[in-house]
Amino acid sequence: MDTMINVWAVVEHVRVSSGAAELAIFTAILYWFFTSSRVADMLEVVGERVGGWCSGGGRDTNTSLRQAVRARRRVNDVYSKLDCDIATRTTSLYRIKESPVVPAPQPVTRPPGGLACGRCAPISRESWQDPKSTETGSVINILNIGKQTFANGGVVSRYLCDLAQCCHLIKYDYKDFVPDVFKDKQFQKAIEDRTQEELRKLNENNHVGGGEGESASQYQAVRARIEAKAAKIVKDISSAMSNGVLKLVAWVCHKAIRRVARGGCGTRAACVERLRRANAAGLPLVFVPLHRSHFDYILVTFTLYLTGLRPPLVAAGNNMRIPFFGWFLRGCGAFFIRRNTEGSEGHSDQIYKTALRSYILNSLAANNNMEFFIEGGRTRTGKPQPPKAGILSVIMDAYLDGTIDDALLVPVTLNYDKLVDGNFVREQLGMPKQMETFWSAFRGIWRTLNTNHGSIRVDFNQPISLKELVTSFQKYNYLKSPIERPLTPPNNNLSVNLDRQILYNHSHSSLYGADVTTDHKMMVEAIGRHLVYDAAQATALMCTNVVAYVLLTEQRRGCSVHQLYDSVGRRAARLRAAGRDLGYTADGAVATRHALEMLGRGLVRRESGTARPQPSVAASLELAYYANALVAHYAPSAIIATALESILRQPNADQEVIYHTELMESALQLCEVLSQEFILCPPCHRIEEKMLDAIDGLVADDVLHTIELNEGLDEQKWSRRFAKRLEDEDEEDRPDPARHIKYRISQSADALAERRRLLRTIRPLVEAYTASCHCLMTQAADADGFDGPMNELVQTTLQNLTDSFADNKMIYGEAVSTDAIRNCLRLLRQWGVLEMYSEGRKRKLRLCTPFADRQALDQVCSTIYRYNVDTPLLAD
């Protein structure tokens, strides 16, 4: 009986459970029936038909069955979204109709950047761009190219987009040029000359001449030894570019740059399109970057490779050939060159020069792209440096001797919110440069990867035809007939001679051959200076550049944070109006806060809502590095303002009116003084034209007012035409009609503030030059003439500047700069005041005979002293 009861209990439980299951299934079917879109559509049709029958054919949308069903559905149903969209559009249309018309926000546009010079490269300026499209200056982040390419790919490619992009990069064939270098006739001739020189030395030391068999064996031994050295030289130079290494480094760079530059790495989209069009022409592209960081080696190659362009062979300094890292650089296309091609005892200099020339020529002949840093080394000051024309001269020879039909020169600019390599304060304070080693490179990379450096910009100018540049520069008569002797102030006619004098003084290179003419050297120098100038003008200015400049000029004595916001915003607006590209789009407050974060409290003191530069030499030097990007931009106007102040501070000078001729003469003399610091204009323009434009800028800013005499305006216009035709002989004897033009000096608060800003722009350089001349005169007076090591003179000048800063006799800590002192000594050498010679491994300087007299030396130094005047403007 108990067994039967248990069986019936089990059956009852099963029946109840099956009933519950049937009820659940039935409920699910009903839920699906009433919530399915297809069923809802069917019920909607049935409801409309029934409603039409009942109401005479009309449709009541408020009582439709579909609306009743829709209200019971989930919130995220497609029909709920459609209802919300309809309601939103209805509300938006109502608001648009009833409210004032507000234009849609437009994308940020930038001025066209990196265009070729319209005067000497008009064909290149019109080429390599799409005439149907308008350049908006849009910037793309190269780190996002992979994300955009594989956005619609599979799961793996979407989440590993960087790796997927690197795996799909184009493979290129790279030829080994070492055998071609050995077959080069000049290289074989250099080996033979070196062999004969070694044999001659051996015979002179032995004082005997062996037999014919002995001479032949001796020749073979010496020849084999010289060839072994030559083979090692070629092997040390040559690159070993590998597609595998390129892809690996590209993937590593993706990860490293995302960590280092959290603001991204940008480049102009139009620049990339121009390069693609130029690359299709089949000519080698020669990239000429300005050099700021060791990171530049990889960054340019990385940008080109990711955008689908052939990576170039890169000329890297021999100091970068360090274990492990040097192997990666060589695999990325680096070929290593010596800093000094003169070599030392035990090295065959001529063999090295011919090997380097042959390697470059064979690379260009094979249509390989090439990259070299035209400044030589990294800039220690942040300003563009004068070009080193060695490799450029080799490329010029390749064009002139027909090795290549043409080459497209591409100036490249790089800029960083925060410099990746740290700072160059140690070297600016006279400490020796620390050589790169494996452990120093490893520590630097580790430190860099754990620091946020903001944003990076890599921009490419328009490719410029070398053939077109050569043809254009041959037409400029004022660059010919170089002056063979230095022009010492104040006896030089700068309005006629300054442009070619600067080119002549700088046109020297150890890679020039013995048969190279001076005109050829000056043409190479002119092209190099043009490339540096173009790159500097196209450099994107980062927020740290603008903030550092404002702090060192406009707000040097400190200000409130809100005043700093306003000053930075105004300065950025003026730079945009001048056609400069800003590497940021934020307003003054946001950009300033970001820049202060990048610069850090070690450079800018912030307390109680105020900000001011830290009062130390090291902080001033590092701030000056960032500010010098703008100093180079404002240099012409600053030269005019400094020349104006030097005239006003003379005894019995008129404080209200100044003559145009007097102002131009003083400004041109200061241009020559600072010729080692700035490239004020491209060589296809006259420096006097640049100074006239700077004066026009001061007139537009109401700092100066032209006094309109009866014939003043016509004479001013004629003087502009006269300045452009100074090279014509028939114009030289005519009087300058600009002698009657005068300017009234404004005394308004805005005009005084503008003059103060411009004076502070180049005042540290004037202080450093003054201290250098003063130290030279002091040592010459104590020793009855100067003859000693150059480094000792530099260190003494640095110590004097440091003492002046510590004693508050000078407020410009950035004047304590080794570069400025060495540039001043280089200027005195060009003037013929100093002579450099070598004694062992030391470089020494001595006064030339005419300037051993104190009065003659003082007369030259007074040319620099006159610009370092005390003025009430700087006391405010």
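Predicted model: local features only at pLDDT ≥ 70, side-chain atom pairs only at ≥ 80, totals over all residues.
Me: Which helix supplies the largest share of the lining of the largest cavity?
Reply: The largest cavity holds about 360 Å³ of space, and 32 residues line it. Helix 18 (425-428), helix 23 (543-552), helix 26 (617-648), helix 30 (749-782) and helix 32 (818-830) each give at least two residues to this lining. The largest share is eight residues, and it comes from helix 26.

Me: Which residues of the lining lie nearest the centre of the largest cavity?
Reply: By class, this lining has 16 nonpolar, eight polar and eight charged residues. Of the 32 lining residues, those nearest the centre are Thr 381, Ala 624, Tyr 625, Asn 628 and Glu 814.

Me: How many nonpolar residues are in the lining of the second largest cavity?
Reply: About 150 Å³ of space lies in the second largest cavity. Its lining has 15 residues, with Asp 499, Ile 502, Arg 529, Cys 681 and Ile 687 closest to the centre. Helix 21 (residues 494-506) gives the largest share, three residues. By class, the lining has two polar and two charged residues, while the nonpolar ones number eleven.

Me: What is the bridge partner of Ser 560 in strand 12?
Reply: Strand 10 pairs with strand 12 (residues 610-613) over two bridges, in the antiparallel sense. In strand 12, the residue bridged to Ser 560 is Thr 610.

Me: How many residues of helix 14 are buried?
Reply: Buried means under 20% relative accessible area. In helix 14 (residues 296-306), the residues that are buried include Asp 296, Tyr 297, Thr 301 and Leu 306. Helix 14 is mostly covered, and the buried count is eleven of its eleven residues.

Me: Which residue just after helix 14 takes a positive phi?
Reply: Helix 14 spans residues 296-306. Just after this helix, a positive phi of about 85 degrees is taken by Gly 308.

Note on methods:
Residues numbered from 1 in each chain as written. Heavy atoms only, no water. 1 Å grid on protein atoms, 1.4 Å probe; cavity = no way out; pocket = protein on both sides within 12 Å on 5 of 7 lines; lining within 4 Å. Points joined across faces, edges and corners; volume = space filled by probe spheres on them. Helix = DSSP H or I, 4+ residues; strand = E, 2+ residues; numbered from the N terminus. Nonpolar A, V, L, I, M, F, W, Y, C, P; charged D, E, K, R; others polar. Pairing = 2+ DSSP bridges. Buried < 20%, exposed > 50% of the residue type's maximum accessible area, 1.4 Å probe, protein only.
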